[in-house]
Amino acid sequence: ALAFEPGSDDLLGSGWFKLYRWPADGAAMQAIPTDHRGIINDLQFSRDGSYLATISRQTDSAVLLLDPRSGRTLHAFRKHALCGQRVVLAPDGRLLLSTSDDASVRFYRLPE
C-alpha cells in the first residue's frame with residue numbers, strides 16, 4: 001500500500017512488518033519497524049497526519065493505529081480471524097472500519 005502523508009510530499013509504503021518512507025526532498029528511504037507480524041496490507045492516514053490506520057495479513061491480522069514517524073503502536077484493535085484486507089477512517093474521524101478474508105466488516109470507535 002502507498003499513501004502520501006498529509007501536509008507533506010513524503011510517501012509512505014508498506015511491506016513485511018515495516019513501513020517505508022520516501023522523503024520528498026530526495027533523502028534516503030527510511031525503514032520504520034512496527035508491531036505487525038505479517039504484510040501490512042493497507043494503510044490510511046488520519047486527516048491531520050497524526051496517526052496511521054493499518055491492517056496486516058498472512059501471519060497476522062492485526063488492526064493498529066501507528067505513529068507514522070516512529071511506527072510505534074498508539075492503539076491495537078481486535079484482530080480478524082483471517083487475513084486483513086482494508087482499513088478506512090470515517091470522515092468525522094471517530095470510526096475505523098476494517099475488512100478481512102473472514103468476510104467480516106468491523107467498526108471500531110477511535111480513542112479520543
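The model is predicted, so local features need pLDDT of at least 70 and side-chain atom pairs count only at pLDDT 80 or more, while totals for chains, interfaces and linings use all residues. Residues are numbered from 1 along each chain as its sequence is written, and side-chain values use heavy atoms, with hydrogens and water left out.

**Exercise 1.** Work out how many helices and strands the protein chain has, and how its radius of gyration relates to the globule rule.

*Solution.* The chain turns out to have zero helices and eleven strands. Next, take the radius of gyration over C-alpha atoms, and the globule rule as 2.2 Å times the number of residues to the power 0.38. The radius is 13 Å, close to the 13 Å given by the rule for 112 residues, so the chain is as compact as a globular protein of that length.

**Exercise 2.** Find which residues are linked with Arg-21 in a network of salt bridges.

*Solution.* A salt bridge needs a side-chain nitrogen of Lys or Arg within 4 Å of a carboxyl oxygen of Asp or Glu. The structure holds seven of them. One joins the side chains of Arg-21 and Glu-5 at 2.5 Å, N to O. Here Arg-21 sits in strand β3 (residues 18–22) and Glu-5 in the loop between β1 and β2, 16 residues apart. Another joins Arg-69 and Asp-10 at 3.9 Å, N to O. That pair spans 59 residues, from the loop between β7 and β8 to the loop between β1 and β2. The network is made up of Glu-5, Asp-10, Arg-21 and Arg-69. As for burial (buried is under 20% relative accessible area, exposed over 50%, partly exposed in between, with a 1.4 Å probe and protein chains only), Arg-21 and Glu-5 are both buried. Asp-10 counts as buried too, because its relative accessibility is 11%.

**Exercise 3.** Classify the aromatic pair of Phe-77 and Tyr-108.

*Solution.* Rings of Phe, Tyr and Trp (its six-membered ring) pair if their centres lie within 6.5 Å; planes under 30 degrees apart count as stacked, over 60 as edge-to-face and the rest as tilted. The count by this rule is three aromatic pairs. For Phe-77 and Tyr-108, the centres are 4.7 Å apart and the planes make 45 degrees, giving a tilted pair. Phe-77 lies in strand β8 (residues 73–77) and Tyr-108 in strand β11 (residues 105–109), 31 residues apart. Finally, both Phe-77 and Tyr-108 are buried.

Conventions: Helices (H or I, at least four residues) and strands (E, at least two) are DSSP runs, numbered from the N terminus.
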